[in-house]
Amino acid sequence: GVDEISVAVTAGGDPRRAAGIRDAVVGALRDGTVDARRNRTKPVGVALVGGGPGDPGLITVRGRQLLAQADVVVADRLAPRALLDELAPDVELIDAAKVPYGRSLSQEAINELLVERARAGRFVVRLKGGDPFVFGRGGEEMIACARAGIPVLVVPGITSAVSVPAAAGVPVTHRGVSQEFHVVSVHVPPGDPRSTVDWPGLARSGGTLVFMMAVERLAAVAETLIRDGRSPETPVMVVQDGTLPTQRAVTASLSTVADRVSAAGIRPPAIVVVGDVVKVGQEVEMVRAERLP
């Protein structure tokens, strides 16, 4: 059984087959792949759920359970689309990119929407790409719910900052190569007065640099790092659509990466990895090639 649901299966006198089917149904109820929305112990308030880097299989079990219980789902542009296709027809699905903003900022409008739906007694899942607290503005939504007295639950997600390099064969840390990594959002470019990033510090660091939202500002990023002391020969990998069937990657040096990415037509969403760990991924590819018959 799961919560208050008991599962019994008969399979034409074959007890082993019946037990196997029963276990599969129990597992599906537990991980949310079978609709549990009629469960009397349904959550209340708002859940901020990280959907992971894109592959629908990379959401957490807890995230999937809550999604299966939602009355309302407010989804980000980068939330895995396949998960939304599985929602029951009576679930209200709201695309956060299309919320009418009026005079308010988009984030304020989304915050108001979460509070308003939850106040009406509906269980709301705010589904985001990656992790809600890694450049996902989840902290702002948590504060808005807390101020309104709405219970809020945070379900971490697998962030693309680490998982997308991994999917492309690049570890962000590697013994003897890098014992630190820095995750930086480039939604505000280098040199912009609003930027809080210590670019000279990043350039001096020997660690791995992972840049998000950087593709369209890649030339400025590379020029800034080189100017502040990073070697122009530092290896770089740019991965588009990480973990999805459309994933593709371009490798270059810091001095050539902007031109290479432009020529390859790489578009967001993409992750940029700067550092010698990129060579580790290339070494793995060489080993694989040598082992082929």
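How many helices and strands are there in the chain? There are ten helices and ten strands. Helices here are DSSP runs of H or I with at least four residues, strands are runs of E with at least two, and both are numbered from the N terminus.

Before going on, a word on the source. This is a predicted model, in which local features need pLDDT of at least 70 and side-chain atom pairs count only at pLDDT 80 or more, while totals for chains, interfaces and linings use all residues. Residues are numbered from 1 along each chain as its sequence is written, and side-chain values use heavy atoms, with hydrogens and water left out.

Now the chain as a whole. Of its 293 residues, 44% count as buried. Buried means under 20% relative accessible area, exposed means over 50%, and partly exposed is in between, using a 1.4 Å probe and protein chains only. Take the contacts between residues at least 6 apart in sequence: 68% of them join residues at least 24 apart. A contact means heavy atoms within 4.5 Å.

Let us start with strand β1, residues 46-50. Five of its five residues are buried, so the strand is largely enclosed by the rest of the structure. V46, L48 and G50 point one way, while A47 and V49 point the other way. In general, side chains in a regular strand alternate between the two faces of the sheet.

Which strands does β1 join? Five bridges link β1 to β4, residues 124-128, and the two run parallel. Four bridges link β1 to β5, residues 152-155, again in parallel. Two strands count as paired if DSSP finds at least two bridges between them. A47 has a bridge partner in each: V125 in β4 and L153 in β5.

Next, the open sheet of five strands. Its order is β6-β7-β10-β8-β9, with mixed pairing. The edge strands are β6 and β9 (248-253), each pairing on one side only. From one strand to the next, the twist averages 20 degrees. Strand β8, residues 235-240, is joined to β9 by six bridges, and these two run antiparallel. One example is M237, whose bridge partner in β9 is T251.

Helix α10 lies across β7 (208-212), β8, β9 and β10 (270-274), and runs at about 70 degrees to β8. For such angles, axes are lines fitted to C-alpha atoms, for helices over the stretch in contact, and the angle runs from 0 to 180 degrees between N-to-C directions.

Where is the largest nonpolar core, and what supplies it? A nonpolar core is a set of buried Ala, Val, Leu, Ile, Met, Phe, Trp, Tyr and Cys residues joined through side-chain atoms within 4.5 Å. The largest one has 24 residues, and those with the most contacts inside it are F211, L225, V238, V257, V261 and V272. At least two residues each come from α7 (199-204), β7, α8 (218-227), β8, β9, α9 (257-264) and β10. Helix α8 gives the most, with four residues. Leaving out residues up to four places away in sequence, L225 touches W199, L202, A203, L209, F211, R230 and L254. A second, separate core has 17 residues, including V49, V73, L84 and L127.

Now a single residue, S178. Buried or exposed? S178 is buried, with a relative accessible area of 8%. Its place is in the loop between α6 (160-167) and β6 (181-185). The side chains of S178 and T208 are joined by a polar contact of 3.1 Å. A polar contact is a pair of N or O atoms within 3.5 Å; within protein, one must be able to donate a hydrogen and the other to accept it, and residues adjacent in sequence count only if both atoms are side-chain atoms.

Last, charge. A search of the whole structure finds 14 salt bridges. A salt bridge is a side-chain nitrogen of Lys or Arg within 4 Å of a carboxyl oxygen of Asp or Glu. R117 meets E92 in one of them, at 2.8 Å from N to O. This pair links distant parts of the chain, with R117 in helix α4 (residues 106-119) and E92 in strand β3 (residues 92-95), 25 residues apart. R117 counts as buried at 16% relative accessibility, and E92 as partly exposed at 22%. R117 also meets E116, at 2.3 Å.

In helix α10 (residues 277-291), E285 and R288 lie three residues apart, about one turn of the helix. They form a salt bridge, with the closest N and O atoms 2.9 Å apart.
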